[in-house]
Structures are given as C-alpha cells and as structure tokens.
Amino acid sequence: MKILLVFDFDNTIIDDNSDTWIVQCAPDKKLPIELQDSYQKGFWTEFMGRVFKYLGDEGVRENEMKTTMTSIPFTPGMVELFNFIRKNKDKFDCIIISDSNSVFIDWVLEAANFHDIFAKVFTNPAAFDSNGHLTVENYHAHSCNRCPKNLCKNVVLVEFVEKQLQQGVNYTQIVYIGDGGNDVCPVTFLKKNDVAMPRKGYTLQKTLSRMSQNLESMESSIVVWSSGVEIISHLQFLIKE
C-alpha cells in the first residue's frame, strides 16, 4: 500500500512560474504591451501560444529557451525532498498535475535528473513545429466551472486514482502539494485520510484559510509548508504511523 504524492509544478517544485520566466528570452526581457494586454481570464494556454509565437518570430530558438528554463531555481528543500522520495520509492507514487507544459517540465526534470521520481506528468502538451516555434495545446476539455478551461486538476486526479484502482493499486492516502488558485479544486475533493499541503503565503493557503473562516468544510487535514524539508518531516511522520 502506497501513498500518492501529487505535485503542482510552478511555484511548488520550481521557485517561480515557468511561463513568466521564459519572457527573459524576449527582446529587452519583456513582452510588447498589446501582447501583454491580450490575456483573457481563463484562457492562459491560448495567451502562452501567442507568447511562444512572438518569441519564435523574434528568432528565439529551442536551445536558448532550454538554457533559460533550466536556470529556474528549485523551491527550497525540493531537491532534498526528491532525494528522500527516491530512497523510499516503495512507499510513494508521485505525479505532477500542472498548468505549465510538457516541454518545460521535461527540460527541468531532465536537467536535474529527477524524471524517475514521477510515474506520470499531466500537463498541457507542447512541441516545436517545423518553423522552430514552440506550440502548446489545452490538456483536455472539462465541465468544471471553477477551473481554467484547459485543465481541471481534480478531474485528472480522480481519473488517475480510478485507473490505478482498476490495475489493483489502491492508495492509503493522497498528499497534495501545491500553491495556486487552480489547486483549490482538487484539494477540496480530498478525503478524510488525505493531506492538503499548501505553500505558505501563496494563493492556495490563503484560499483554504478563508474557507475555514467561512466554515466551509474540508475533509482532509491541512499542513502548510515553506520548504521541502518540512514536507519530508510530514512524510516521515505518515510512513511511521
């Protein structure tokens, strides 16, 4: 019986947002105003498609993007956390559910040699086209009105757990580690034995504390963290129980 660890990517595994970090490749490290202003709430993936097209048109190539992306620092304690998980592979399964894209996440995990930690990565599919431009698509279509239209992390999580069950894998509990507004939906569906781990000072933590003040019930326990080292402590506690 294993524990399922679910990770967000931006501002959780890495200590920044991969989509805004890539703007360092742009001329003068900023986007034209009209491109910045073209973002519509809930349509981030479409916006990033326009950003990647702009970077490609400006002559930014794959190797330059890769160098920029792999310079993003990991969140404090994450490297230690992944090394701890690797040593305890028999106790944990890990997945990433992220609003970033497959190319960025692959680059970062590969450069740091952490690919083997994760059984699955669920994110917006991306690829370089024949012009050398990075293109990105929505991960899926869903009907959840709480989430951006390209990705409902709760739908992904539920589907993954059900598929695993069909293959005879039953998790004793789920630990969800994230930071953002799009992590609220999956966290509110966690069960009594599960653990929500919001990053201290970020949107997820603020939203969950507001919900508890409004007495909106949450079944899972909530453990706030600032460093991956604190996550290790809690996981050690869970596997000792």
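Q: Which residues lie nearest the centre of the largest pocket?
A: Asp99, Pro148, Gly180, Gly181 and Asn182 lie nearest its centre, out of 23 residues that line the largest pocket. Keep in mind that this is a predicted model.

Q: How much space lies in the largest pocket?
A: About 590 Å³.

Q: And which helix and strand supply at least two residues each to its lining?
A: Strand E2 (92-101) and helix H8 (184-188) each do that for the largest pocket.

Q: What is the lining like by class?
A: The lining of the largest pocket has 8 charged and 8 polar residues, along with 7 nonpolar ones.

Q: OK, what about the second largest pocket, how much space lies there?
A: About 310 Å³. It is lined by 17 residues, and the closest to the centre of this second largest pocket are Val161, Ile174, Phe189, Lys191 and Asp194.

Q: Which residues line the largest cavity?
A: Asp19, Trp44, Thr45, Met48, Phe52, Asp99, Ser100, Asn101, Asn124 and Val136. Helix H3 (44-57) and E2 are the elements that give two or more residues to this lining. H3 has the largest share, 4 residues. By class, the cavity lining has 4 nonpolar, 4 polar and 2 charged residues.

Q: New topic: which members of the largest nonpolar core touch the most other members?
A: Phe7, Leu55, Met65, Phe82 and Ile85, in a core of 53 residues.

Q: What is Phe82 in contact with, leaving aside neighbours within four places in sequence?
A: Phe82 is in contact with Phe7, Ile13, Phe74, Phe114, Ile117 and Phe118.

Q: Which residues are in the other core, the one of 20 residues?
A: Among them are Phe122, Leu151, Tyr171 and Leu190, and this core lies apart from the largest one.

Definitions and conventions. Residues numbered from 1 in each chain as written. Predicted model: local features only at pLDDT ≥ 70, side-chain atom pairs only at ≥ 80, totals over all residues. Heavy atoms only, no water. Core = buried A, V, L, I, M, F, W, Y, C linked by side-chain atoms within 4.5 Å. Buried < 20%, exposed > 50% of the residue type's maximum accessible area, 1.4 Å probe, protein only. Contact = heavy atoms within 4.5 Å. 1 Å grid on protein atoms, 1.4 Å probe; cavity = no way out; pocket = protein on both sides within 12 Å on 5 of 7 lines; lining within 4 Å. Points joined across faces, edges and corners; volume = space filled by probe spheres on them. Nonpolar A, V, L, I, M, F, W, Y, C, P; charged D, E, K, R; others polar.
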